[in-house]
Amino acid sequence: MKYNKRLTEKIIEYLLFIVAFSALTCVALIVIFLFYEGLPIFEKVGFKEFFFGKYWYPTSDPPAFGIFPLFIGSVLVTILSSLIAVPIGVMTAIYLAELASPIVRKIVKPIIELLAALPSVVIGFFGMVVVAPFLQEYFDLATGLNLFNASLMLAFMSIPTICSISEDAIYGIPTELKEGSFALGATHLQTIIRVIIPASISGISVAITLGMARAIGETMVVLMVAGGAAMIPESIFDPVRPMPASIAAEMAEAPYRSDHYHALFAIGIVLFLFTSAFNLVADYISYKYKEKGSATL
Amino acid sequence: MKQNEIKIKIQNLNFFYGEKQALFDISMDIFKNQVTALIGPSGCGKSTFLRCLNRMNDLIPNSKVEGAVYFDGKNIYDPQVDVVSLRRKVGMVFQKPNPFPKSIFENVAYGLKVQGIKDKYLIEQKVEESLKMAALWDDVKDRLGESAMGLSGGQQQRLCIARAIAVEPEVLLMDEPASALDPIATKKIEELIFELKKNFTIVIVTHNMQQAARISDYTGFFFMGKLIEVDTTETIFTKPGKKETEDYITGRFG
Ligand SMILES: Nc1ncnc2c1ncn2[C@@H]1O[C@H](COP(=O)(O)OP(=O)(O)O)[C@@H](O)[C@H]1O
Ligand SMILES: [Mg+2]
């Protein structure tokens with residue numbers, strides 16, 4: 001009896017280990033594959049030319065593999081969408097956690113979480129058929145599919161993430177802390193600004209980074225609404241071609257193991273490093289504030 | 001009873017958490033520059049009562065107050081009363097030390113800053129004064145910029161006291177301020193209360209009867225949401241008027 005129980009436990013332990021190990025191995029293999037297929041491009045194109053080349057003409061003769069416009073497209077789309085999403089997401093979170101009545105909170109919070117589950121193709125579709133014609137007409141543009149539209153749609157995508165995680169952080173601030181502030185004659189607004197936000201800043205930062213990470217790697221939306229022009233934009237209404245959109249759009253037409261094929265994998269490497277950096281920053285922030293409290297703020 | 005000026009007069013106070021009544025028809029006086037201790041078994045409504053005195057219970061959803069609390073003759077539950085300025089006059093120290101996750105200096109300066117005081121010199125002076133009064137200055141004077149979270153429990157509670165007295169309230173409400181502390185830290189807090197009495201009116205909740213006997217001038221005994229009796233500490237501990245009080249004090253229950 002006792003022996004059996006211990007045996008079962010052992011078996012379960014091993015099973016879990018195998019599952020976890022194979023998951024990790026798969027991920028590791030994907031990363032290795034990514035580098036294996038991406039790195040060969042640098043035999044043909046120098047690092048500098050690849051990263052800072054202004055022209056991405058992978059199919060012309062001779063081809064040009066400069067990802068700078070794509071990279072800039074990704075960066076700009078991310079920055080602009082954060083400028084829209086962060087204030088709205090964080091302020092909504094503060095409203096929900098601190099000001100909304102319990103009933104409003106109970107209704108709105110699940111709706112926001114539901115929005116986070118909205119498939120990106122739906123958001124992209126919305127951007128194409130609703131926002132794009134509107135922008136085109138209202139601002140008299142050549143195309144409504146552009147940097148601004150993409151940023152707006154990505155903001156749409158990251159607001160639920162930012163809002164929901166920030167709200168959890170703010171809502172989790174111990175009541176004692178708030179009461180301590182009120183007891184010293186602080187108003188609710190002062191308490192929010194001086195105690196609640198600083199105390200939840202680690203959670204809010206993680207929320208922002210995760211929201212942004214979601215926007216950086218997002219493919220479908222930028223493929224559908226960013227306009228697809230591989231050039232460095234001069235205004236926020238110019239079309240762009242962020243990195244994920246390039247990969248998605250061109251992978252099917254790139255001949256197997258051609259230079260173009262390798263170049264697309266190299267873009268994948270850049271994207272991978274970019275998002276990993278973001279996740280590391282998120283981890284670091286949450287670690288740093290958890291250790292010491294947000295005392296320095 | 002000693003003849004003293006009444007600072008707070010509580011009249012027929014009832015308190016409800018939703019449907020559940022937690023305080024029943026409480027009337028008592030709190031005298032100026034005296035220490036009033038509130039004792040009673042846990043769950044009898046001491047904290048609830050204390051939090052009615054600075055309207056801290058306003059923050060609890062679905063709660064309801066009936067009756068009146070006169071602070072210097074004015075009912076604090078009047079709709080016109082400004083709760084923020086009331087709380088500046090009636091400070092509070094909580095059961096669990098709750099320093100802000102900020103520096104030691106910022107913790108003490110907080111109450112002054114939210115009042116709109118900007119004069120740096122004045123703030124520094126007040127912070128030092130309050131920390132000295134709370135017997136914490138020597139412990140922390142070299143590390144005012146460090147996080148308050150790094151202090152020990154006893155130090156944190158003294159910091160919370162310093163923070164509360166920095167805004168110079170007239171009344172100080174203390175909810176079992178020493179319950180989470182070791183005997184040495186407790187002794188320091190008790191000595192502190194003795195000092196503070198000169199400048200403040202103090203209401204302190206404690207379930208430690210020796211502590212009540214040591215530090216208070218008046219004692220109120222709460223039981224199941226009712227104030228059984230209130231009198232000078234000496235009377236309560238030597239010849240209590242009610243049987244329940246005597247039972248509690250002699251340790252027959254609670
Ligand atoms: N926030 C609350 N919501 C509902 N009931 C509460 C709340 N706080 C306290 N109570 C109840 O009110 C009664 C009095 O509690 P409390 O004032 O904390 O007692 P004491 O401080 O004497 O231990 C208890 O029965 C307690 O369960
Ligand atoms: Mg209590």
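1. The shell around ligand 1 divides into three nonpolar, five polar and two charged residues. In this classification Ala, Val, Leu, Ile, Met, Phe, Trp, Tyr, Cys and Pro are nonpolar, Asp, Glu, Lys and Arg are charged, and the others, Gly among them, are polar. The shell consists of Tyr17(B), Lys20(B), Ala22(B), Ser42(B), Gly43(B), Cys44(B), Gly45(B), Lys46(B), Ser47(B) and Thr48(B), a residue being near a molecule if one of its heavy atoms lies within 4 Å of it.

2. On provenance, this is a predicted model, in which local features need pLDDT of at least 70 and side-chain atom pairs count only at pLDDT 80 or more, while totals for chains, interfaces and linings use all residues. Residues are numbered from 1 along each chain as its sequence is written, chains are lettered from A and ligands numbered from 1 in the order in which they are written, and side-chain values use heavy atoms, with hydrogens and water left out.

3. The side chain of Lys20(B) places an N or O atom 2.9 Å from an oxygen atom of ligand 1. A polar backbone atom of Gly45(B) is 3.1 Å from an oxygen atom of the ligand, and a nitrogen atom of ligand 1 is 3.2 Å from an N or O atom in the side chain of Tyr17(B). Taken alone, ligand 1 exposes 550 Å², and the protein buries 61% of that (Shrake-Rupley areas, 1.4 Å probe).

4. Which elements give two or more residues to the shell around ligand 1? They are β2 (20–31) and α1 (46–52) of chain B, as assigned from DSSP runs (helices H or I, at least four residues; strands E, at least two; numbered from the N terminus). The largest share, three residues, comes from α1(B).

5. Chain A is divided into domain 1 (2–43) and domain 2 (47–296), with bounds from an automatic or database domain assignment. Their C-alpha centres lie 30 Å apart. The contact (heavy atoms within 4.5 Å) takes eleven residues from domain 1 of chain A and 14 residues from domain 2 of chain A.

6. Between these two domains of chain A about 1,100 Å² is buried, 81% of it given by carbon and sulfur atoms; buried area is the accessible area (1.4 Å probe) that two parts lose on being put together, summed over both. Glu37(A), Ile41(A) and Phe42(A) supply 54% of the area that domain 1 of chain A buries against domain 2 of chain A, more than any other three residues.

7. At the chain interface, 24 residues of chain B are in contact with 21 residues of chain A. The two chains bury about 1,900 Å² between them, 62% of it on carbon and sulfur atoms.

Conventions
A polar contact is a pair of N or O atoms within 3.5 Å; within protein, one must be able to donate a hydrogen and the other to accept it, and residues adjacent in sequence count only if both atoms are side-chain atoms.
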